[in-house]
Amino acid sequence: MHPVLETSLPDGEQPGSYETSAEFYDILQADEGDRRVRHLYESAVAKARVGVLGIGAGTGRVWPAIGAALVPGGRLLLQLPPERVLAEESVRALATRRMGEHEYGGHMVTFSAGDRIRARFDYWVRGGRAAPRCHSETCWMWPATRVDILADLRRH
């Protein structure tokens, strides 16, 4: 397993910038994401007395910044990555949504790639007067146990 702070990718690939997913996230995934966040964190967030800091996915390089942003007595709530690489490929269909004349859809495929997990998002848009569009974006995840993440956080 790579350390949590690992940032190198195979064959000189650069980390994904989420440029493609940015167009599709709110339409296809935000509602499910909101439900998941409310289920996991709503009671803890309701107890916040100073504020709530929301951060997105990252490599773990954002730890020093998180430490600086937390107030004394503050809490850090994390959605942990998988603890190990996947045993088999997983395909999850994203909700199909209509926006005006256009229909959006797609799916997410996750699979092991050596000691990392590769997540590929395949999106499509059709309808209206334009030709159908298809886009893909790949993101990488490094498995990390709760113990590994806590050790990384303590160092920062």
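Reply: On a 1 Å grid over the protein atoms alone, a pocket is an open set of points with protein on both sides within 12 Å along at least five of seven lines, and lining residues have an atom within 4 Å of a point. This is a predicted model, in which local features need pLDDT of at least 70 and side-chain atom pairs count only at pLDDT 80 or more, while totals for chains, interfaces and linings use all residues. Residues are numbered from 1 along each chain as its sequence is written, and side-chain values use heavy atoms, without hydrogens and water.

Me: Which residues line the second largest pocket?

Reply: Its lining consists of Leu76, Leu77, Leu78, Leu80, Arg146, Ile149, Leu150 and Leu153. Seven of these residues are nonpolar, none is polar and one is charged, where Ala, Val, Leu, Ile, Met, Phe, Trp, Tyr, Cys and Pro count as nonpolar, Asp, Glu, Lys and Arg as charged, and the others, Gly among them, as polar.

Me: Why is Cys139 called buried?

Reply: Buried means under 20% relative accessible area, exposed over 50%, and partly exposed in between (1.4 Å probe, protein chains only). Cys139 has a relative accessible area of 7%, and is therefore buried.

Me: What makes Cys134 exposed?

Reply: Cys134 is called exposed because its relative accessible area is 64%.

Me: How many disulfides does a search of the whole structure find?

Reply: The search finds zero disulfides, a disulfide being a pair of cysteine sulfur atoms within 2.5 Å.

Me: Which residues does Phe121 touch, not counting residues up to four places away in sequence?

Reply: Phe121 touches Ser21, Gln29, His107, Met108, His135, Ser136, Glu137 and Cys139, contact meaning heavy atoms within 4.5 Å.

Methods. 1 Å grid on protein atoms, 1.4 Å probe; cavity = no way out; pocket = protein on both sides within 12 Å on 5 of 7 lines; lining within 4 Å.
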